[in-house]
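Reader: Could you take me through this model feature by feature, giving the general idea before each case?

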Amino acid sequence: MENSGEGTGGGTGGTGGEGVRGGVRAAAPPASLSPSRASDFMQCPLLYRFRVIDRLPEKPSEAATRGTLVHAVLERLFDAPAAERTAPRAKALVPGQWDRLRETRPEVVELFADDPEGERLARWLGEAERLVERWFTLEDPTRLEPAERELFVEAELESGLRLRGIIDRVDVASTGEVRIVDYKTGKAPRPEYAEGALFQMKFYALVVWRLKQVVPRRLQLVYLGSGDVLTYDPVIADLERVERKLLALWEAIRLATETGDWRPRPTKLCGWCDHQAVCPEFGGTPPPYPLQVRSSESVGGPQGRMGPD
Ligand code: SF4
């Protein structure tokens with residue numbers, strides 16, 4: 001999911017990079033990989049460093065927080081008996097889940113600190129309701145009985161690499177076939193970018209395969225922003241390819257961790273990066289590297305460009 005609660009910055013993620021001594025987080029090498037952090041490294045190694053090693057704080061965004069809210073509503077709706085999982089009921093869950101989010105993540109309150117009349121908040125909540133409503137045009141929750149919701153998964157590959165993540169929903173048919181479903185509150189990517197979107201789903205499929213020895217029958221991305229559903233039926237060769245990709249990625253992360261050589265990779269996505277002030281591409285200076293470094297000659301290997309496949 002895009003808002004798995006997985007920590008960036010000061011969050012509680014656990015993709016490694018943190019150790020707790022006397023209640024103070026100390027920098028530590030990354031210990032596991034999640035789809036989000038793998039994507040970070042592929043997008044920009046320096047962004048990965050800022051999030052996983054330095055754990056620099058990031059401001060909550062309206063879009064990401066709305067995503068978290070909508071995910072919470074869709075998850076809670078399945079508490080109701082099947083026949084009562086209606087759009088009005090789902091929309092009615094929005095205010096309560098927003099209250100709960102403010103309690104569990106007080107930092108989101110600052111999003112609307114400059115909105116004393118509550119007009120922007122009302123629009124934002126209205127947009128969350130519309131996203132929830134659109135879901136009912138794409139799936140029928142009265143006919144679904146998820147086996148799992150917000151499922152935390154973790155698997156260790158033979159190499160020792162630990163993969164982890166949170167899957168929005170797992171459906172299991174009476175035949176035993178498994179479908180992995182992820183909700184996105186944004187719009188579906190153009191076809192040429194679909195592979196990048198599916199990377200996360202294949203990552204989850206690999207974890208499920210390693211955990212349960214079952215290859216999921218279908219991967220399904222539900223785009224509430226545009227009203228699209230993207231599906232992919234993986235085969236073992238897909239998952240083996242993703243595994244090789246992740247091992248190469250992890251090796252590149254290991255090299256960067258040991259050498260301290262985290263290169264910025266500027267793209268148009270920099271516009272959404274919270275760390276421009278400490279990024280050399282924008283005239284900034286990163287904080288002192290908190291881990292011990294070894295020279296790149298002694299560790300070997302360049303930091304290559306990596307894409308989702
Ligand atoms: S501003 Fe761009 S180049 Fe710099 S760390 Fe962020 S994503 Fe990377």
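Predicted model: local features only at pLDDT ≥ 70, side-chain atom pairs only at ≥ 80, totals over all residues.

Reader: How many helices and strands does the protein have?

Author: Helices (H or I, at least four residues) and strands (E, at least two) are DSSP runs numbered from the N terminus, and the protein has eight helices and eight strands.

Reader: How is burial read, and what share of the residues counts as buried?

Author: A residue is buried if 20 or more other C-beta atoms lie within 10 Å of its own, exposed if 12 or fewer, and partly exposed in between, with C-beta atoms placed from the backbone. Of the 309 residues of the protein, 33% count as buried. In helix 2 (residues 45–53), nine of the nine residues are buried, so this helix is largely enclosed by the rest of the structure; among them are Arg49 and Arg51. Just after helix 2, Arg55 takes a positive phi of about 50 degrees. Tyr183, which lies in strand 6 (residues 178–184), counts as buried because it has 23 C-beta neighbours inside 10 Å.

Reader: Which residues have the most contacts inside the largest nonpolar core?

Author: A nonpolar core is a set of buried Ala, Val, Leu, Ile, Met, Phe, Trp, Tyr and Cys residues joined through C-beta atoms within 7 Å. The largest has 57 residues, and Val73, Ile180 and Ala205 have the most contacts inside it. Helix 6 gives the most to this core, with ten residues.

Reader: At what angle do helix 6 and helix 7 pack?

Author: Two packed helices are described by the angle between their axes and the distance between the axes. Axes are lines fitted to C-alpha atoms, for helices over the stretch in contact, and angles run from 0 to 180 degrees between N-to-C directions. Helix 6 (residues 194–212) and helix 7 (residues 236–259) pack at about 105 degrees, with their axes 9 Å apart. That makes helix 6 roughly perpendicular (65 to 115 degrees) to helix 7.

Reader: Which residues come nearest to the ligand?

Author: A residue is near a molecule if its C-beta atom, placed from the backbone, lies within 6 Å of it. Of the 14 residues around the ligand, Cys44, Pro264, Cys270, Cys273 and Cys279 come nearest.

Conventions:
Residues numbered from 1 in each chain as written. Parallel < 35°, antiparallel > 145°, perpendicular 65-115°, else oblique.
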